[in-house]
Amino acid sequence: MTDSVTGKYVQVTYDPANPPADGLLLSAANVPEIQNCLGVVTIPPGSPRTDTIAHATSEVMYVAQGAGRLHTDQGVLDFDRGQAIFIPAASWHALENTGGEDLVSVFSFPSPSRPSTRAKRVS
């Protein structure tokens with residue numbers, strides 16, 4: 001990931017081979033006055049389902065590439081490229097890549113950094 005700053009604008013280039021450790025592209029770490037944050041996660045085909053997590057705030061997610069399944073405390077939601085999903089605060093959820101290409105999910109939180117998050121292992 002590389003950052004470029006011009007005046008008040010910050011431009012970030014995402015490198016899937018070298019993703020940020022916390023997944024965040026834009027946050028208070030590189031934009032001090034930011035009021036929300038933006039990140040991306042890439043899940044290769046054949047990967048196990050992610051850990052089940054719940055955030056203190058809501059989350060919005062956009063599927064930039066691939067297809068998958070969102071496992072929630074309310075059931076399962078299948079999704080494809082081009083779809084956007086709202087995940088309520090404190091809702092348990094996990095991602096699964098169900099396609100044959102990388103699943104690329106862009107996510108955002110209404111806070112300047114990743115909110116407090118609880119996790120539990122998938123059994």
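A salt bridge is taken here as a side-chain nitrogen of Lys or Arg within 4 Å of a carboxyl oxygen of Asp or Glu. The model is a predicted one, in which local features need pLDDT of at least 70 and side-chain atom pairs count only at pLDDT 80 or more, while totals for chains, interfaces and linings use all residues. Residues are numbered from 1 along each chain as its sequence is written, and side-chain values use heavy atoms, with hydrogens and water left out.

Side chains of opposite charge can pair when their charged atoms come close. The structure contains two salt bridges. In one of them, Glu96 pairs with Arg69, with 3.7 Å between the closest N and O atoms. Glu96 belongs to strand E10 and Arg69 to strand E7 (residues 67-72), so this pair ties together parts that are 27 residues apart in sequence; strands (E, at least two residues) and helices (H or I, at least four) are DSSP runs, numbered from the N terminus. Arg69 also forms a salt bridge with Asp78, where the closest N and O atoms are 2.7 Å apart. Because its relative accessibility is 27%, Arg69 counts as partly exposed, and Glu96, with a relative accessible area of 22%, is partly exposed too (buried means under 20% relative accessible area, exposed over 50% and partly exposed in between, with a 1.4 Å probe and protein chains only). Through shared partners, the salt bridges join Arg69, Asp78 and Glu96 into one network.

Strand E10 also holds His93, which counts as buried because its relative accessibility is 5%. The side chain of His93 makes a polar contact of 3.2 Å with the side chain of Glu59, and His93 also reaches the backbone oxygen of Ser91 with its side chain, at 2.9 Å. A polar contact is a pair of N or O atoms within 3.5 Å; within protein, one must be able to donate a hydrogen and the other to accept it, and residues adjacent in sequence count only if both atoms are side-chain atoms. The side chain of Glu59 is likewise joined to that of His55 by a polar contact of 3.2 Å. His55 is located in strand E5 and counts as buried, because its relative accessibility is 4%. Leaving aside neighbours within four places in sequence, the residues in contact with His55 include His93, Phe109 and Arg114, contact meaning heavy atoms within 4.5 Å.

Trp92 is placed in the loop between strand E9 (84-87) and strand E10 (93-97). Its C-alpha atom is separated by 8.1 Å from that of His71, which is 21 residues away along the chain. Beyond its neighbours within four places in sequence, Trp92 is in contact with His71 and Arg118, among others.

The largest pocket contains about 310 Å³ of space. Among the 20 residues that line this pocket, Val41, Ile53, Leu95, Phe107 and Arg114 are the closest to its centre. At least two lining residues each come from strand E4 (37-43), strand E5 (52-55), strand E6 (59-65), E10 and strand E11 (103-109), and E4 gives the most, with four residues. The lining of the largest pocket comprises 10 nonpolar, six polar and four charged residues. For these descriptions, a pocket is an open set of points on a 1 Å grid over the protein atoms alone, where a 1.4 Å probe fits and protein lies on both sides within 12 Å along at least five of seven lines, and lining residues have an atom within 4 Å of a point. Grid points are joined across faces, edges and corners, and the volume is the space filled by probe spheres set on the points. Ala, Val, Leu, Ile, Met, Phe, Trp, Tyr, Cys and Pro count as nonpolar, Asp, Glu, Lys and Arg as charged, and the others, Gly among them, as polar.
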